[in-house]
Amino acid sequence: MADELFSLSERNSLDGFPDQVDLAGFWLKEHDRADVVGWRRTDPDRLAAGLQIGSLRVLGFVPSDLTGVPAEAIQTVASQLGLEPSLLDTYDPPERTLRNHIAGVERHLGFRRSDQGDLKAVGDWLVLRALEHDRPITLHGLLCDHLRAEQLVRPALSTLERLIAHARQVAFDETWIKLRPELTALQIREIDSLLEFDESLGATPLVWLCQQASAPAAEMVREQVVKLERLRQLGIASATVATLPANRVRHLARLGQRHTPQALRRFHPEHRYQIVACTLDRCRDHDHSCGRTYRAST
């Protein structure tokens, strides 16, 4: 699928239990035992109910397969109910019964399934997070935390991937709408040229511009002054990004520093121009800082 953001191993991990879980979430309250565990007829069903309650509290959803529950969590629930942990091995209800069990746990904890209105609101919330974070796994974690806080059952992973992919794209689109009027055609060509290897520099101009001085020595400061002059000539790294939120500028600059020029050249042009412009803004700040440090030391 086009919006599939995670590898197979990541998908298996995100759809199951982590190696370590917050055991506090598996500590059953009195009403847990009375309202849910109490109406399960068999001991395996009661043990599964306790684990399903803990799973919903900790993960925001109940995996259909409980065999991946960490042993510590099984022991925690079993000891509270006076049951043997091995009873979980015999919990194998028909699919319809399993769905009813999970739905009962959701009702018990006050969780509900998301409708289209919920997904729209969650998507809008996620766009604001995507303006500051781009990594899908980071956005996934933030999204799951938000869904739990709203007491919404975590949808299928494919639904989360679509929400994350859409939020990332909207974040770039909104950034480009603000930044595009500030960039001239010449500046756009200059951005592309900054990603081409320059033999005289021994690096791409972008890498050279972002290299920080290792010490406030005179020759290093002179090089930083040359870089500042180059940035002024480009006219990209000052007022150009002033239309963007500061957190968005920092986030895009981090992307520029994390990716190689070769990788940046493979980005969609609109994404590439945003990232490089914000990276140059951070380079300018570093160069000014070096100059201030040198003047203070002399």
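Asp118 counts as buried, at 13% relative accessibility. Its salt-bridge partner is Arg112, with the closest N and O atoms 2.5 Å apart, and Arg112 counts as partly exposed at 43% relative accessibility. The model is predicted, and it holds 12 salt bridges, among them the pair of Asp118 and Arg112.

**Further salt bridges**

- Asp134 and Arg168 form a salt bridge in which the closest N and O atoms are 3.0 Å apart.
- Because Asp134 lies in the loop between α6 (116-130) and α7 (136-149) while Arg168 belongs to helix α8 (residues 157-179), this pair ties together parts that are 34 residues apart in sequence.
- Asp134 is buried, with a relative accessible area of 11%, whereas Arg168 is partly exposed, with a value of 22%.
- A salt bridge also joins the side chains of Arg57 and Asp32, at 2.9 Å from N to O.
- Arg57 in helix α3 (residues 43-59) and Asp32 in helix α2 (residues 30-35) are 25 residues apart, and the pair links distant parts of the chain.
- Asp32 is buried, with a relative accessible area of 0%, and Arg57 is partly exposed, with a relative accessible area of 22%.

**Surface charge**

- A patch of positive charge on the surface brings together Arg135, Arg250, Arg254 and Arg258.
- Of these residues, Arg258 is located in helix α12 (residues 246-258).

**A buried histidine**

- His271 is placed in helix α14 (residues 269-297).
- The relative accessible area of His271 is 16%, so this residue is buried.
- Leaving aside residues up to four places away in sequence, His271 touches Gln169 and Phe172.

Methods:
Residues are numbered from 1 along each chain as its sequence is written. This is a predicted model: local features need pLDDT of at least 70, side-chain atom pairs count only at pLDDT 80 or more; totals for chains, interfaces and linings use all residues. Side-chain values use heavy atoms; hydrogens and water are left out. Patches are made of residues with over 30% relative accessible area and no salt bridge: like charges are joined within 9 Å, nonpolar side chains (Val, Leu, Ile, Met, Phe, Trp, Tyr) within 5 Å. Accessible areas come from the Shrake-Rupley method with a 1.4 Å probe; for residues, only the protein chains shown count as cover. A salt bridge is a side-chain nitrogen of Lys or Arg within 4 Å of a carboxyl oxygen of Asp or Glu. Lys and Arg count as positive and Asp and Glu as negative; His and the chain ends are not counted. The place of a charge is taken as NZ of Lys, CZ of Arg, CG of Asp or CD of Glu. Helices (H or I, at least four residues) and strands (E, at least two) are DSSP runs, numbered from the N terminus. Buried means under 20% relative accessible area, exposed over 50%, partly exposed in between (1.4 Å probe, protein chains only). Contact means heavy atoms within 4.5 Å.
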